[in-house]
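Please walk me through this model, part by part. Begin with the metal site, then move on to the helices, the loop and the rings.

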Amino acid sequence: MALRNILKEGDETLLRHCRPVTDFTPRLHDLLDDMAETMLSANGVGLAAPQVGVLRRAVVVLETNTPEGEEQVIELVNPEIVEADGEQTDPEGCLSVPGAFGMVTRPSHVKVRAQDRYGQWFEIEGVGLTARAFCHEIDHLDGHMFTELCDHIMSQEELDEYYGQQQEQEDAK
Ligand code: ZN
């Protein structure tokens with residue numbers, strides 16, 4: 001496994017449409033392994049192949065809705081959202097736009113159909129942050145960035161205020 005370089009906003013590769021994965025070879029497995037390692041080392045919850053310069057439909061997402069210490073990397077090859085419902089609006093960021101967050105509304109629950117690294121089709125559901133990450137990463141495969149969905153990049157003050165309010169709500173529970 002190896003760390004790959006994460007392309008930053010402004011790189012044209014991030015705006016391009018990715019082609020389906022057709023070969024489920026060791027080369028794909030290396031890519032997915034490297035993507036997981038790169039995502040984890042950057043403290044991200046998702047990474048799409050175009051972010052490491054590969055224009056293929058593959059993403060990794062970190063499932064965090066698990067008991068402490070049991071986070072799981074989910075690999076999605078040729079993913080498609082087949083069901084979406086609910087709504088959540090929270091600050092969203094991207095490893096290709098370091099340090100920038102904007103308010104983005106996403107479904108609060110999605111079901112995704114995808115292939116695993118061996119080509120086997122499966123369905124998986126995500127809620128909360130995981131649903132958000134599924135949507136965000138799948139958008140990358142069509143050249144879309146979260147910055148298209150928020151009206152502005154939040155200032156540190158706005159972020160502090162948002163997270164301060166969240167904390168107050170937590171404390172009040
Ligand atoms: Zn992103």
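Which residues coordinate the zinc ion? Cys94 (SG), His136 (NE2) and His140 (NE2) do, at 2.0 to 2.3 Å. Donors here are N, O and S atoms within 2.8 Å of the metal (3.2 Å for Na, K and Ca); water is not among the atoms, so sites may look incomplete. Along the chain, the donors of the zinc ion have the spacing C-x41-H-x3-H.

This is a predicted model, in which local features need pLDDT of at least 70 and side-chain atom pairs count only at pLDDT 80 or more, while totals for chains, interfaces and linings use all residues. Residues are numbered from 1 along each chain as its sequence is written, and side-chain values use heavy atoms, with hydrogens and water left out.

The two histidines share an element. His136 and His140 both lie in helix 2 (residues 129-140), 4 residues apart, about one turn of the helix. Helices (H or I, at least four residues) and strands (E, at least two) are DSSP runs, numbered from the N terminus. Both His136 and His140 are buried. Buried means under 20% relative accessible area, exposed means over 50%, and partly exposed is in between (1.4 Å probe, protein chains only). Helix 2 is mostly covered, with 10 of its 12 residues buried. Among them are Phe134, Cys135, Glu137 and Ile138. From first C-alpha to last, helix 2 reaches 17 Å, close to the 16 Å expected at 1.5 Å a residue. The expected span is 1.5 Å times one less than the number of residues.

Next come the cysteines. How many disulfides does a search of the whole structure find? The count is 0. A disulfide is a covalent bond between the sulfur atoms of two cysteines. The cut-off used here is a pair of cysteine sulfur atoms within 2.5 Å. For Cys18, the nearest cysteine sulfur is that of Cys94, 13 Å away. Cys18 counts as buried because its relative accessibility is 0%. Cys150 has its closest cysteine sulfur in Cys94 too, at 11 Å, which is too far for a bond. At 10% relative accessibility, Cys150 is also buried.

Now turn to helix 1 (residues 26-41), where Thr38 is placed. The end C-alpha atoms of helix 1 are 22 Å apart, in agreement with the 22 Å that its 16 residues should span at 1.5 Å a residue. Its buried residues include Leu28, Leu31, Leu32, Met35 and Met39. The buried residues of helix 1 pack against strand 1 (46-48), strand 2 (58-63) and strand 3 (72-85). Thr38 counts as buried because its relative accessibility is 2%. Leaving aside neighbours within four places in sequence, Thr38 is in contact (heavy atoms within 4.5 Å) with Ala2, Leu3, Arg4, Ile6 and Leu47.

What follows helix 1? Asn43 does, with a positive phi near 60°. That is a positive value in a residue other than glycine. Asn43 is found in the loop between helix 1 and strand 1. Its relative accessible area of 71% makes Asn43 exposed. Asn78 also has a positive phi, near 50°. Asn78 is placed in strand 3. Asn78 is buried, at 11% relative accessible area.

Val45 lies in the loop between helix 1 and strand 1. At 29% relative accessibility, Val45 is partly exposed. Not counting residues up to four places away in sequence, Val45 touches Met39, Val60, Val61, Leu62, Thr64, Leu129 and Ala133. Val45 and Val73 are 28 residues apart in sequence and 8.8 Å apart in space, C-alpha to C-alpha.

A search of the whole structure finds 1 aromatic pair. Tyr162 and Tyr163 form this edge-to-face pair, 5.1 Å centre to centre, with 85° between the planes. Rings of Phe, Tyr and Trp (its six-membered ring) pair if their centres lie within 6.5 Å; planes under 30 degrees apart count as stacked, over 60 as edge-to-face and the rest as tilted. Elsewhere, the charged end of Arg113 sits over the ring of Trp121, 4.1 Å from its centre. The criterion is NZ of Lys or CZ of Arg within 6 Å of the ring centre and within 35 degrees of the ring normal.
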